[in-house]
Amino acid sequence: MAAHRKPRQRSLGGHTVRTAATFALAGAATATGFDGTGHAEPQLTPDQVRAKVNKLFQEAEVATEKYNGAKEKADTAQENLEELRDQAARRTERLNSARDELGSLAAAQYRRGGIDPSWQLALSADPDQYLDGAALAERVGSRQSADVASVRRQLLEIERLRGAARVELGTLKTRQTELKRHKKTVTSKLSDARQLLGRLTTEDRARFGTAGSTTAHASRSSVTSRRDLTGPVSPASATADAPDSRAAAAVSYAFSKLGSPYVWGATGPHAFDCSGLTLAAYRAAGISLPRTTYSQINAGRRVSRSELRPGDLVFFYSGISHVGLYIGNGQMIHAPNPSAPVRVAPLDEMPFAGATRVA
């Protein structure tokens, strides 16, 4: 037995230990690559950081629009559920009243007792009065039968309403699950973006904040802020060129919100995401737009880029994940992302996907 143990000890001390060490080193290298803290990771340039952050912002915006859509559906489901419950409660109240009335009639009949009609006629001092009373009793009996049938119908209707409410409750729970999932995606993307921005110097972060772009084309973008309203597009010229008074009112509202912060899921009056800004602008003009970019693009008549007029909704990216409000001269007002407030920017800042004139 001893002769067999020694070779195993030598093997463990030689090739096996070296193999184990190799695996350990490989594992350490792999772990370093995954957590991103190893010394081998290249130092990103400010431009590379900006590019990554812009990509994260775009991905977060896609998730934001999905969140907005799920929230809109969840709100609708909640309203439907409350309405169904209210209807069921009102019908239950009427049913209880009908039951009470039937119970009172039944008790009165029981107290009067069931005397044979022929004996009632024979014993009556006034047969004519009795016959009149018998006819009335027959009519009352017919009414009672109708009341019983009505109660049965009400019971069936209440059960239908309760069944519909159960279905709507299931829909609401599904939408709430979607909300949580999209919210987690948004917060994760924004958290990653903040961490990347933390690598930049104060000067680089300041340049990023004033670049005004949500794509890698930030260096070519020109924008204006609240203090630059004397630029190529003024509120007066934009509203004057709008196709109608509602579009002019939407444009005026958008100009009044320049400098407001971007907050995902917000629809004003002090903070906005991209579709929240356009929704609020047209809400101020008395028009109700859908909540998401995917729906807003169908909220009016499609127009080509060459036909654009102030007040038109302009959409970007192949997934229609961003929207702004056109103000003329190739520019728009939009809520870019958390790194920048509501501002004026050129349409060329992002890949153009289409435009809609609100009907």
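**Exercises on a helix, a sheet and their loops**

Helix α7 (residues 245–256) lies across β3 and β4 and runs at about 105° to β3. Helix α8 (residues 274–284) packs on the sheet, where it touches β2 (313–316), β3, β4 and β6 (352–358), and its direction makes about 50° with that of β3. Helices (H or I, at least four residues) and strands (E, at least two) are DSSP runs, numbered from the N terminus. Axes are lines fitted to C-alpha atoms, for helices over the stretch in contact, and angles run from 0 to 180 degrees between N-to-C directions. Contact means heavy atoms within 4.5 Å.

The model is predicted: local features need pLDDT of at least 70, side-chain atom pairs count only at pLDDT 80 or more, and totals for chains, interfaces and linings use all residues. Residues are numbered from 1 along each chain as its sequence is written, and side-chain values use heavy atoms, with hydrogens and water left out.

**Exercise 1.** Describe the start of α7, its buried residues and their packing partners.

*Solution.* At the start, a side-chain oxygen of aspartate 244 comes to within 3.1 Å of the backbone nitrogen of arginine 246. Next, buried means under 20% relative accessible area, exposed over 50%, and partly exposed in between (1.4 Å probe, protein chains only). The buried residues of α7 are Ala247, Ala248, Ala250, Val251, Tyr253, Ala254 and Phe255. Finally, these buried residues pack against α6 (235–241), α8, β3 and β4.

**Exercise 2.** Give the strand order of the open sheet, its edge strands and the pairing of β3 with β4.

*Solution.* Two strands pair if DSSP finds at least two bridges between them. The six strands of the open sheet follow the order β1-β6-β2-β3-β4-β5, with antiparallel pairing. At the edges are β1 (300–303) and β5 (343–346), each of which pairs on one side only. On average, neighbouring strands of this sheet are turned by 40° against each other, direction ignored. Three bridges join β3 (residues 322–328) to β4 (residues 331–334) in the antiparallel sense. Tyrosine 326 has methionine 332 in β4 as its bridge partner.

**Exercise 3.** Decide whether serine 260 is buried or exposed, and list its contacts.

*Solution.* Serine 260 belongs to the loop between α7 and α8. Its relative accessibility is 10%, so serine 260 counts as buried. Not counting residues up to four places away in sequence, serine 260 touches His270, Phe272, Pro341 and Val342. A polar atom of its side chain lies 2.8 Å from the backbone oxygen of lysine 257. The loop between α7 and α8 also holds proline 269, which a cis peptide bond joins to glycine 268, with omega about 5°.

**Exercise 4.** Examine the phi values of tyrosine 317 and isoleucine 320.

*Solution.* First, tyrosine 317 lies in the loop between β2 and β3, and its phi is near 75°, a positive value in a residue other than glycine. Tyrosine 317 counts as buried because its relative accessibility is 8%. Second, isoleucine 320 is placed in the loop between β2 and β3 and has a positive phi of about 50°, although it is not a glycine. Isoleucine 320 is buried, with a relative accessible area of 16%.

Notes: A polar contact is a pair of N or O atoms within 3.5 Å; within protein, one must be able to donate a hydrogen and the other to accept it, and residues adjacent in sequence count only if both atoms are side-chain atoms.
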